[in-house]
Amino acid sequence: MMISKYLKIIKGREIKDKELMKGIEIDKIVYPDEYQGTFEVCKAWQDKNLEIYIFLKDIRIDEVIGCINLMPLSDEFYNLFISGKYMDLEIPVSEIKTYSKPGLYKMCLISITLLKEYRDSEAIKILYNAILYKLIELSKQGIYCHELLADVISADGEKFCKSFGMKKVVESSHKSTLYKVDFFPFNFKIRDEIGENLKVIYKNYTNV
């Protein structure tokens, strides 16, 4: 199923309320009720940091078919979140960081969703690479991911996180598993030239 020429990444200001609502609809298809986002929460997060969402569209039908939320958190809340005692929907807006200055950021993959009918296509690789491209883009602003954390509730999510080289941290109190990967030293799993480029960029960062 080779359809990559019909798939387009959108991010930042390209993601309007219509796309955000479609992302929430995908959540409702993919996740159990207790893990589903609401428009109010997701919009508040987006208003705090416009750069957290990466969406994938099928331009043939002009519809969002996959979503990623890559969210930088305050060190204090990140250290609480990694304990497994909080659900991602409980993340306060006040604990989301903006990319206002260069430095090291602790980030969470809050949501990775893809409609089932696209999971045997190149859509998975496009979403994977979109995260790498985002990290490269941020590095040009002097912004680097120190640690990447994910709260995983499905076998597909677990497989996706392991593809990054993420390792299990703890079983949460809400029947999920937290996975993490460090970037200093660089333990992120690379597959191709994009990953190699990211590795070089992070290897050249010396302020750790």
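## About the model

This is a predicted model, in which local features need pLDDT of at least 70 and side-chain atom pairs count only at pLDDT 80 or more, while totals for chains, interfaces and linings use all residues. Residues are numbered from 1 along each chain as its sequence is written, and side-chain values use heavy atoms, with hydrogens and water left out.

## Aromatic pairs

Let's start with the rings. Rings of Phe, Tyr and Trp (its six-membered ring) pair if their centres lie within 6.5 Å; planes under 30 degrees apart count as stacked, over 60 as edge-to-face and the rest as tilted. By this rule there are 16 aromatic pairs. One of them joins Tyr53 and Phe55 edge-to-face, at 5.7 Å centre to centre and 65 degrees between the planes. Tyr53 is buried at 5% relative accessibility, and Phe55 is buried at 2%. Here, buried means under 20% relative accessible area, exposed over 50%, and partly exposed in between (1.4 Å probe, protein chains only).

Tyr99 and Tyr105 are also edge-to-face, because their ring centres are 5.3 Å apart and their planes are at 65 degrees. Tyr99 is buried, at 14% relative accessible area, as is Tyr105, at 3%. Elsewhere, ring pairs link a cluster whose members include Tyr128, Phe160, Phe188 and Tyr202.

## Charges over rings

A charge sits over a ring if NZ of Lys or CZ of Arg is within 6 Å of the ring centre and within 35 degrees of the ring normal. Lys97 lies over the face of Tyr105, at 4.6 Å from the ring centre. Arg191 lies over the face of Tyr128, at 4.1 Å from the ring centre.

## Helix H6

Helices (H or I, at least four residues) and strands (E, at least two) are DSSP runs, numbered from the N terminus. In helix H6 (residues 193–203), the buried residues are Ile194, Gly195, Leu198 and Tyr202. These residues are on the same side of H6, because they cover an arc of only 95 degrees around the axis, taken from the directions from the helix axis to the C-beta atoms. Glu193 and Lys203 are exposed on the other side of H6.

Helix H4 (123–139) and strand E5 (143–152) are among what covers the buried residues of H6, with contact meaning heavy atoms within 4.5 Å.

## A loop residue

Ser100 lies in the loop between helix H3 (75–81) and strand E4 (103–114). Ser100 counts as exposed because its relative accessibility is 60%. The C-alpha atoms of Ser100 and Gln141 are separated by 9.5 Å, with the two residues 41 apart along the chain.
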